[in-house]
Amino acid sequence: MGYADLLRARFPDLNPVVDDLFLLEAHQIGELTRRVPASDLGVVLRAHPLLHRFLVTRCPEAREPFDQMLAHQPDVAVDDVAACEQAVVWEVADWIVYQRAPQDYDTHAGVDWTIAAVTQVTTLTDKVVIDAGAGTGRVAFDAAPMARHVFAVEPVATLRQFMRDRAARRHVHNLFVLDGFLHAIPLPTSSTDVLLTCQAVGWNLPDEIAEIERVVTPGGVAMHLFGTPDVAQPHHPLSQALQQHGYHPRTYRDGALTVHSYHKTIGT
């Protein structure tokens with residue numbers, strides 16, 4: 001099952017349309033050529049010149065690859081355009097949900113979270129914790145009752161506002177939401193005791209690992225968690241890469257819940 005099929009199953013009521021692509025942020029536009037087949041994206045850009053203009057204005061770095069794509073894109077039938085539109089929007093349906101309905105993304109997250117998957121490896125009590133690639137903050141909010149401070153680092157503006165609103169409603173005063181990426185965390189070197197990611201690492205792993213290990217104090221712990229069983233397989237590229245960087249695999253089970261993780265004590 002492809003990623004678009006998984007998103008269709010997870011968000012059956014979404015009904016995304018091509019105009020939803022106007023909601024994308026610059027960093028998402030820059031990733032379109034990695035997320036979407038060129039044959040489908042090229043058809044959509046050719047059929048919607050206003051969308052093309054918007055995307056390259058919002059993300060100038062996308063202009064060259066998009067123009068190259070269009071230069072090799074033949075004309076297609078109207079029915080084929082509609083099929084390509086649906087292929088494109090479903091490949092990035094998670095990004096569309098971030099923008100249109102972050103509460104739905106939070107409700108339909110792939111893992112019914114439990115912080116015990118973390119606390120069996122390392123304590124969070126009175127620690128400074130970073131949840132990097134925080135999404136809607138499920139990990140951050142579970143860590144907050146134990147931690148001294150939690151920094152939720154997330155590049156999508158609607159998700160950051162979702163977390164701030166939730167923190168206000170719940171009167172969580174030790175959670176701080178920051179704009180940033182896994183490869184560009186806006187905090188000083190050696191500033192955190194525990195850094196967590198949940199199904200977020202792996203887009204540019206060498207740069208992400210370098211930045212993650214920069215902000216974790218020596219003796220602190222970096223931990224990456226996944227709800228998908230394929231990442232636990234020894235032959236999975238991400239599993240192999242994390243272990244090559246010194247991260248140790250572990251599986252947490254509680255009834256039907258399974259969380260796979262990779263953790264490392266920094267500086268050892």
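Seven strands form an open sheet in the order β3-β2-β1-β4-β5-β7-β6, with mixed pairing. Here strands are DSSP runs of E with at least two residues, helices are runs of H or I with at least four, and both are numbered from the N terminus; two strands pair if DSSP finds at least two bridges between them. At the edges stand β3 (175-178) and β6 (248-254), each with a single partner strand, so one side of each is left without a neighbour in the sheet. From one strand to the next, the twist averages 20 degrees.

Before we go on, a word on what you are looking at. This is a predicted model, in which local features need pLDDT of at least 70 and side-chain atom pairs count only at pLDDT 80 or more, while totals for chains, interfaces and linings use all residues. Residues are numbered from 1 along each chain as its sequence is written, and side-chain values use heavy atoms, with hydrogens and water left out.

β1 (residues 128-132) and β2 (residues 149-153) run in the parallel sense and share five bridges. Look for D131, which stands opposite A152 in β2.

Next, find the helix on the sheet. Helix α13 (residues 205-215) lies across β1, β4 (192-198), β5 (216-226) and β7 (257-265), and runs at about 135 degrees to β5. Such angles run from 0 to 180 degrees between N-to-C directions, with axes fitted as lines to C-alpha atoms, for helices over the stretch in contact. Contact means heavy atoms within 4.5 Å.

L238 is buried, with a relative accessible area of 15%; buried means under 20%, exposed over 50% and partly exposed in between, using a 1.4 Å probe and protein chains only. Beyond its neighbours within four places in sequence, L238 touches V201, G202, L205, F226 and V231. L205 is 33 residues away in sequence, yet the two C-alpha atoms are 8.5 Å apart in space.

Finally, turn to helix α7 (residues 78-91). Its buried residues are V81, C84, E85, V88, V89 and W90, and their cover includes α1 (3-10), α4 (38-47) and α8 (93-100). α4 and α7 pack at about 115 degrees, their axes 8 Å apart. In this contact, D40, L41, V43, V44 and A47 of α4 meet V81, C84, E85, A87 and V88 of α7.
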